[in-house]
Amino acid sequence: MINLRKIFSIIFIGIFTYFLIDFIQQNSGLLENFKKLNFFLLIILLLLTLLNQFIKGYVNIYLFNSLNISMKLKESFEISYKNTLGNLIGPIKAGAGYKLHYMNKNYNVSPTQFVSLNTAYSVISIIVSIFILLITLLLANNTSPASIELLILVLFALSISTFLGVNLLLFFSKKVSINIISNFANGFKSVYLNKLNFIYILLIALFHQIYSIFIIFFIFEIFSFNIDLLSSAIYSTVGSLGNFANITPGNIGFYELVMISSNFLHGVSTEQVLISSVLTRAISYCSVVFIYIYYLSKKLIQRTQ
């Protein structure tokens with residue numbers, strides 16, 4: 001059977017690559033930005049990206065703790081790394097497929113529970129991202145009142161929908177005996193029922209978003225783009241929202257399209273979007289390779305002992 005999503009993904013990447021090459025040929029000065037890069041700053045960026053994997057590991061720990069699953073940081077980090085690896089080089093959401101397989105095999109988490117748990121975390125992340133975006137737009141004071149009102153409306157609607165959704169799931173899970181509905185309801189509501197664990201998840205989601213802003217700002221500083229922290233915050237949160245629609249491996253092309261299209265919000269030029277994106281992706285791949293070499297070396301040492 002023809003996988004239309006995979007074909008669309010390949011076509012999308014092909015079109016993006018064509019226009020990227022054409023853009024670079026017409027703006028040959030772009031490559032000069034990479035010749036001036038400071039090696040020491042690149043090492044710092046690599047370490048910051050590696051630390052980001054640990055933050056994702058903590059997300060897994062508290063997220064699956066909602067189902068009374070206790071995971072160590074070492075195990076959670078490895079899952080997070082392989083999830084990232086799958087998403088970067090594999091088909092759409094290949095990393096999530098590995099994660100589902102692992103959790104089902106080792107902790108008997110059903111597919112519906114897994115999907116509902118990750119859906120619940122996505123809702124939290126979206127609300128956090130919109131909240132930060134709203135605050136930064138208000139502080140930046142460069143957006144029309146209509147846009148601000150729309151964001152407030154979306155944030156309010158999401159919050160109310162989440163509240164109503166959780167309560168509806170609680171109601172229906174008691175009334176129906178269909179396993180798929182029951183598992184989805186139990187997985188989704190478990191994130192919100194444990195109040196202390198929910199606060200930890202919320203705080204980690206908030207910290208992760210702020211940390212992502214710092215990394216983007218640091219990348220802009222590496223290239224001396226003269227983009228302030230508020231614009232970096234808007235840029236990062238818009239990018240986070242765009243990444244929820246994972247269309248291509250690593251969201252290549254689609255992410256750049258979203259960032260270029262939202263220039264009126266963050267003020268980052270097309271040239272700056274493409275340059276920073278290339279470095280971000282290169283460092284992401286390097287971090288994955290670095291972790292892979294670490295695990296490979298560890299296995300080789302264990303075999304020789």
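Which residues does Met103 touch, not counting residues up to four places away in sequence? The legends below take up this question and then turn to other close-up views of a predicted model.

**View 1. Met103 and its contacts in the largest nonpolar core.** Leaving aside residues up to four places away in sequence, Met103 touches Phe64, Ile69, Met71, Ile79, Asn108, Val109 and Phe114. The largest nonpolar core has 63 residues, and Met103 is among those with the most contacts inside it, together with Leu45, Val191, Tyr235 and Leu279. In soluble globular proteins, nonpolar side chains tend to be buried together.

View 2. The protein contains 13 helices and 0 strands, so that the pattern read along the sequence is α-α-α-α-α-α-α-α-α-α-α-α-α. Of the 305 residues, 45% are buried, while the protein exposes about 16900 Å², of which carbon and sulfur atoms supply 68%. Among contacts between residues at least 6 apart in sequence, 69% join residues at least 24 apart. Where pLDDT is low, the predicted coordinates should not be read in detail.

**View 3. Ser129 within helix H6.** Ser129 is placed in helix H6, which spans residues 111–140. Its relative accessibility is 1%, and because buried means under 20%, Ser129 counts as buried. Not counting residues up to four places away in sequence, Ser129 touches Gln209, Thr237, Ser240 and Leu241.

**View 4. The salt bridge between Glu78 and Lys82.** The structure holds 2 salt bridges, and one of them joins Glu78 to Lys82, with the closest N and O atoms 3.2 Å apart. Because the two residues are 4 residues apart in helix H4 (residues 73–89), about one helical turn separates Glu78 from Lys82. Both partners are partly exposed, since Glu78 has a relative accessible area of 28% and Lys82 one of 29%. Side chains of opposite charge can pair when their charged atoms come close.

View 5. Arg281 forms a salt bridge with Glu256, the closest N and O atoms being 2.9 Å apart. Because Arg281 lies in helix H13 and Glu256 in helix H11 (residues 254–261), the pair ties together parts that are 25 residues apart in sequence. Arg281 and Glu256 are both buried. Val278 is also found in helix H13, and its relative accessibility of 40% makes Val278 partly exposed. From C-alpha to C-alpha, Val278 and Glu256 are 9.9 Å apart in space, although 22 residues apart in sequence.

**View 6. A nonpolar patch on the surface that includes Val289.** The patch is formed by Val289, Tyr292, Ile293, Leu296 and Leu300, which together have about 460 Å² of accessible area. Val289 has its place in helix H13, which covers residues 270–304. With a relative accessible area of 45%, Val289 is partly exposed, and it therefore passes the requirement of over 30% relative accessible area for residues that make up patches.

Terms used:
Residues numbered from 1 in each chain as written. Predicted model: local features only at pLDDT ≥ 70, side-chain atom pairs only at ≥ 80, totals over all residues. Heavy atoms only, no water. Buried < 20%, exposed > 50% of the residue type's maximum accessible area, 1.4 Å probe, protein only. Contact = heavy atoms within 4.5 Å. Patch = residues over 30% accessible without salt bridge, like charges linked within 9 Å, V, L, I, M, F, W, Y side chains within 5 Å. Areas by Shrake-Rupley, 256 points an atom, 1.4 Å probe, with all protein chains shown as cover. Salt bridge = Lys/Arg side-chain N within 4 Å of Asp/Glu carboxyl O. Core = buried A, V, L, I, M, F, W, Y, C linked by side-chain atoms within 4.5 Å.
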